[in-house]
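We'll go through helices, confidence and aromatic packing.

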Amino acid sequence: MAGSTEAGAEHAAEDGHEHRSRWPLIAAIGAASLYLGVGLVFVGLDLVPSVVPIVLGGAGAIGLLTGLVGWANEAFIADYVRNRGDGGSGLYATTMILFLVSDVATFSAGFVYYAFIRAGSWPPANLPPLLGSLVVINTALLLASSVTLHYGHEALEGGNRRRFLGLLGVTLALGVVFLAGQVYEYYEFVAVEGFGIGSGAFGSAFYGLTGLHGLHVVLGVLLLAIAFGRALRGHYTPERDTAIRTTSLYWHFVDLVWVFLVVVLYVGAAL
């Protein structure tokens with residue numbers, strides 16, 4: 001009787017009537033540990049031994065990545081292998097939206113910190129010219145990637161696989177080039193201008209916000225790379241596009257945050 005009950009519960013879970021996942025919890029605990037470790041680096045090194053934020057940050061980063069990878073595998077890859085269909089697309093899209101709402105709070109904390117800096121003495125000493133051609137090019141690349149991803153998804157829904165693959169590949173390439181541009185910008189600021197994360201409160205705000213966004217872009221590029229690899233294997237159809245839909249939501253969010261960040265941080269610093 002117990003065996004049949006367990007089998008029935010497992011069958012119900014596979015049919016989508018019951019779904020419990022530990023991965024979001026693992027990711028949330030990892031993120032909290034990571035943020036706590038980073039916070040202690042800036043404000044708590046006189047309160048705790050230096051090894052504490054290193055351990056918290058390292059363990060948090062591992063936990064966050066593990067949770068995200070596990071969730072992505074459970075939601076998209078394992079789901080396809082078990083051939084469950086795409087019946088949970090609405091659930092996964094809603095989950096992504098909730099995740100992005102929580103992400104808004106994370107970025108908001110950084111922007112509030114920047115607002116306090118602007119309310120104090122301004123401008124900061126030895127502020128390099130932030131608004132240049134590189135940030136304009138990077139912004140154009142990221143906005144273009146949102147356009148190509150949008151029309152790529154439309155091509156998939158319209159049954160045009162070749163156009164879908166091409167536009168998805170272009171989106172992935174644009175994301176990689178954006179990250180390369182961000183790395184080059186950091187090199188110019190640190191090596192040439194002498195402007196680093198230790199360059200006062202503004203330096204910590206600048207690198208904290210742009211670095212946090214950069215991490216989100218890295219995750220987005222990984223999601224796009226997984227989606228592109230699966231697309232090459234023919235995993236997506238007009239009726240099976242959950243991963244593309246949720247990845248699109250995430251990528252458009254990251255692009256929108258970048259536009260806001262450029263207006264507030266880059267343009268705002270020049271005013």
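## Helices and annotated spans

A helix here is a DSSP run of H or I with at least four residues, numbered from the N terminus. Keep in mind that this is a predicted model. With that in hand, take residues 164-184: the span is 100% helix and 0% strand, and its end C-alpha atoms sit 30 Å apart. Residues 249-269 are also 100% helix with 0% strand, with 29 Å between the end C-alpha atoms. Both stretches carry the "transmembrane region" annotation in an unreviewed UniProt entry, which also lists 25-45, 51-71, 91-117, 129-152 and 204-228.

Helix H6 covers residues 161-192. Its 32 residues reach 46 Å from first C-alpha to last, close to the 46 Å expected at 1.5 Å a residue. After H6 comes Gly 194, with a positive phi near 70°.

Mean pLDDT for the protein is 80, and 82% of residues reach 70 or more. Helix H5 (residues 133-157) has the highest confidence, at a mean of 96, while helix H1 (residues 2-14) has the lowest, at 40. Residues 1-19 have pLDDT below 50, and this stretch makes six contacts in the model beyond near neighbours in sequence. Residues 81-85 are below 50 too, again with six contacts beyond near neighbours.

## Aromatic pairs

How many aromatic pairs does the count come to? The count is 16. One of them is Phe 206 with Tyr 266, an edge-to-face pair at 5.5 Å centre to centre and 70° between the planes. This pair links distant parts of the chain, with Phe 206 in helix H7 (residues 200-232) and Tyr 266 in helix H8 (residues 242-270), 60 residues apart.

Ring pairs also build a cluster that includes Phe 206 and Tyr 266, along with Tyr 114, Phe 178, Tyr 186, Phe 189, Phe 195, Phe 202, Tyr 207 and Trp 258.

## The nonpolar core

Are Phe 206 and Tyr 266 buried or exposed? Both are buried. The largest nonpolar core has 53 residues, and Phe 206 and Tyr 266 touch the most other members. Helices H2 (23-43), H3 (51-81), H4 (89-119), H5, H6, H7 and H8 each give two or more residues to this core.

Leaving aside neighbours within four places in sequence, Phe 206 is in contact with Leu 130, Glu 185, Tyr 186, Phe 189, Phe 195, Gly 211, Leu 265 and Tyr 266.

Technical notes. Residues numbered from 1 in each chain as written. Predicted model: local features only at pLDDT ≥ 70, side-chain atom pairs only at ≥ 80, totals over all residues. Heavy atoms only, no water. UniProt positions renumbered as here; feature names shortened; annotations may be inferred. Phe/Tyr/Trp six-rings, centres within 6.5 Å; stacked < 30°, edge-to-face > 60°. Buried < 20%, exposed > 50% of the residue type's maximum accessible area, 1.4 Å probe, protein only. pLDDT = per-residue confidence, 0-100. Contact = heavy atoms within 4.5 Å. Expected span 1.5 Å × (residues − 1). Core = buried A, V, L, I, M, F, W, Y, C linked by side-chain atoms within 4.5 Å.
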